[in-house]
Each structure stands twice: as structure tokens, then as C-alpha cells.
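Here is a short briefing to read alongside your model. Please keep the sequence and the 3D view open as you go through the points.

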Amino acid sequence: MKSAVLKPYKPIIFIIIILSLFFAMNSVFGQSPQVLNPTADSYIYITNPDTNYGTSTRLEVDGSPIKKVYFKFDLSSLAGKTISLATLKFYIVNPSNHKQELKRLDDDSWTETGIKYNNAPALGSVLKVIDTGNQNNVWYEIDITSYVDENKGQLMSLGIDSTGSNGLDFNSKEASSNKPELVIS
Ligand SMILES: [Ca+2]
């Protein structure tokens, strides 16, 4: 009597077990990297302190004369997710044999077509040192996992400056290809 009652439920239990295994495996092995482009990118230039460069196809960083790069990413799609690796990538179009510094920026109020040297927010502490070794026409990648994890679910700004006098240029999001990317897995 007992086994006759349970019998119709056995296939359902089996299906539930198979589905649970499928979703568990998928969460471990099946997630393809998510790629985000900046929602805003620009640079500022001390020589033209009231000029905005938000629509330029290049982002330029230099220590003399000063040029600084600003990025903003919308990380709202990452809310609640586990971030195992987040890499910022940019494509170099003018090489530099000097180092640059990627810095945190907690002020997200700046806008792509409004930012200029005279109104730009000051950059924060150093996240990573950039050393491209004078390479050109290549991608450069920076691991910023902890900063992305800190900002997931919200906007994330960051900037790049330099104390060297040999400037580094790379493609902006307005370039026709090889735009800056944030690759998250
Ligand atoms: Ca731009």
C-alpha cells in the first residue's frame, strides 16, 4: 500500500534532482564573461582647461603637460553577483615608456560632455600602476576585481594620471572598434 502511494512521485523527484544538478553545474562552469563598455569616458587637458574632450575617439594621459583620463561604468547589472575576476582593458594607439597610475574616484557626478580640467573631480588613491612598456596597437589589461566588487550594483568611476612626460593614448568608447572594456567573470 505504502509503495503504491509513493510510486507516482518518483519520476518527479528524479526530475527535481536532475534540474538541481544542472543549475549547480551551470553556476560553477557555465557562466560566460560579461563585457561592459564605459557609459562615459573623457580626458582633461591643462593647456585647454575649459575644453571638453568627451566625444574624442582617443583618451590621453600625460604628466607634462597634464592630461588625465576619466571612466564611468554602470555596474547595476552586477548587484548581488559573486565577482571572481574583473579586468579593465584598453587598446593602445600611442605608446609610452613611462608609467601611469589607475586611481579610484568616488565622485560619480561628472558627465562625459561636461568634464574639463577646470571642473574635474580630484582622483583618489592608487588602485594599480600601469606599465605598458612602450607597446603600441595592443590591448592592456588591469585586474581591478576588488574595486569592481566594492562598486557592484552602482556606478563606478575611475581615472588615470601620470607623472611622466611621455603620454599614453588609447581608444575611447567613441572609437569605431577596440573600445575600452570591463570583462567580468
Ligand atoms: Ca567619450
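Leaving out neighbours within four places in sequence, asparagine 52 is in contact with Ser42, Thr113, Gly114, Ile115 and Lys116 (contact means that two C-beta atoms, placed from the backbone, lie within 7 Å). This is a predicted model, in which local features need pLDDT of at least 70 and side-chain atom pairs count only at pLDDT 80 or more, while totals for chains, interfaces and linings use all residues. Residues are numbered from 1 along each chain as its sequence is written.

**Around asparagine 52**
- Asparagine 52 sits in the loop between strand 2 (40-45) and strand 3 (58-63); helices (H or I, at least four residues) and strands (E, at least two) are DSSP runs, numbered from the N terminus.
- Asparagine 52 and lysine 116 are 64 residues apart in sequence, yet 5.0 Å apart in space, C-alpha to C-alpha.
- Asparagine 52 is partly exposed because it has 19 other C-beta atoms within 10 Å; a residue is buried with 20 or more such atoms within 10 Å, exposed with 12 or fewer, and partly exposed in between, with C-beta atoms placed from the backbone.

**The chain as a whole**
- The chain has three helices and eleven strands, in the order α-α-β-β-β-β-β-β-β-β-α-β-β-β.
- Of the 185 residues in the chain, 26% are buried.
- Among contacts between residues at least 6 apart in sequence, 83% join residues at least 24 apart.

- Five of the six residues of strand 2 are buried.
- Strand 2 pairs with strand 4 (residues 66-74) in the antiparallel sense over six bridges, where pairing requires that DSSP finds at least two bridges between two strands.
- Tyrosine 45 has lysine 67 as its bridge partner in strand 4.
- The largest nonpolar core has 29 residues, and Tyr43, Val69, Tyr70, Val148 and Leu158 have the most contacts inside it; such a core is a set of buried Ala, Val, Leu, Ile, Met, Phe, Trp, Tyr and Cys residues joined through C-beta atoms within 7 Å.
- Strand 4 gives the most to this core, with four residues.

**Backbone points to check**
- Most residues other than glycine have a negative phi, and most peptide bonds are trans.
- A cis peptide bond joins serine 64 and proline 65, with omega about -10°, and proline 65 lies in the loop between strand 3 and strand 4.
- Asparagine 134 has a positive phi, near 65°, and is exposed, since 12 other C-beta atoms lie within 10 Å.
- Asparagine 178 also has a positive phi, near 50°, in the loop between strand 10 and strand 11.
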